[in-house]
Amino acid sequence: MVLSFHPLIKGDVNRLCAGREPDPADVAAIRSARAVVLPQGCPSGLYRAARDNCAHVFPNYDARFAFPGKIGQIRLFRSTGVPYPPTEIFENTAAYDRSRCSGFNLHIPSVFKFDWGGEGETVFLVEDHATMEDLLRHAKRCESTGQSGFLLQHYVPCGGRSMRVVVIGRSLVSYWRVQESGSFHTGISHGGRVDARSDPDLMMRAEATVLEFCSRTGINLAGIDLIFDAERPQADPFLLEINYFFGRTGLGGSQAYYRLLRREVGTWLRSLPA
């Protein structure tokens, strides 16, 4: 029996668990299932109930919940040995102040990323120390509301473009996001355009990096962002971020995404032991 909690993917049994924790009936259904399909926005309680009570669960969100936030993703990159820009992690502004007292020197330029947020809204280019001080003041205000943690990465010149590799089951969809306005951000929400044709050799290298990363982590539903160093194009691409929620413009829209998702879930189900 296939149990689906995804509102748009039909199983033998279909349930919804939106806005609530799984109840005993949900857990009983999971225990009876051969496989469980979860929604992309699956909360941790539902995911844990599925993983604890069924051998076959899609998507695999082990890495998402074991390594949360942007800080968690850097720790995941470190543990798997994949290339990423030189990065320093700070749990709060007090940790940053202590690091300065211990001799830490800010690399200019750097990229400042809060531990939370998406679509580049909490990512900033630091081109001077005054900008960094402004960001630290902003970080302290965030800490007063209970949000803390940020990281600093060395800025990598990327020629105004980044690559998004979307992983859906065993399929990859890859495209450049190109920013021609001079903006630091390359994302589509910041005016970047989709380019699925340029430099196919670099695209293949990025896909190979993502496939190796996913083989180590089990990730099978995510948009993974990478950049190439424009000054060293032959170097391996750097992983930047894992987006478990991702835009669908580069996939051809929501309908194209759901067609691909349904196909890949079907392929996954057929691959399971009887």
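These legends walk through several close-up views of a predicted model. Residues are numbered from 1 along each chain as its sequence is written, and side-chain values use heavy atoms, with hydrogens and water left out. Because the model is predicted, local features need pLDDT of at least 70 and side-chain atom pairs count only at pLDDT 80 or more, while totals for chains, interfaces and linings use all residues.

**View A. Helices H1 and H2 pack against each other.** Two packed helices are described by the angle between their axes and the distance between the axes. Here H1 (residues 24-32) and H2 (residues 44-53) meet at about 35 degrees, with axes 9 Å apart. Axes are lines fitted to C-alpha atoms over the stretch in contact, with angles from 0 to 180 degrees between N-to-C directions; helices are DSSP runs of H or I with at least four residues, strands are runs of E with at least two, and both are numbered from the N terminus. On the H1 side, Val-27, Ile-30 and Arg-31 make the contact (heavy atoms within 4.5 Å), and Ala-49, Ala-50 and Asn-53 do so for H2.

**View B. Val-36 sits in the largest nonpolar core.** A nonpolar core is a set of buried Ala, Val, Leu, Ile, Met, Phe, Trp, Tyr and Cys residues joined through side-chain atoms within 4.5 Å; buried means under 20% relative accessible area, exposed over 50%, and partly exposed in between (1.4 Å probe, protein chains only). This core has 64 residues, and Val-36 is among the six that touch the most other members, along with Leu-38, Phe-213, Ile-224, Ile-242 and Leu-261. Helix H8 (residues 254-271) gives the largest share, seven residues. Beyond four places in sequence, the contacts of Val-36 include Ile-30, Ala-50, Cys-54 and Trp-268.

**View C. Cys-54 has no disulfide partner.** A disulfide is a pair of cysteine sulfur atoms within 2.5 Å, and the count here is zero. For Cys-54, the nearest cysteine sulfur belongs to Cys-42, 13 Å away. Cys-54 counts as buried because its relative accessibility is 6%.

**View D. A cis peptide bond links Phe-58 to Pro-59.** Omega is about -5 degrees at this bond, and Pro-59 lies in the loop between strand E4 (57-58) and helix H3 (62-66). Another cis bond joins Ile-108 and Pro-109, with omega about 0 degrees.

**View E. Asp-199 has a positive phi.** Phi is about 45 degrees, although Asp-199 is not a glycine. Asp-199 belongs to the loop between strand E11 (193-195) and H7, and counts as partly exposed because its relative accessibility is 30%.
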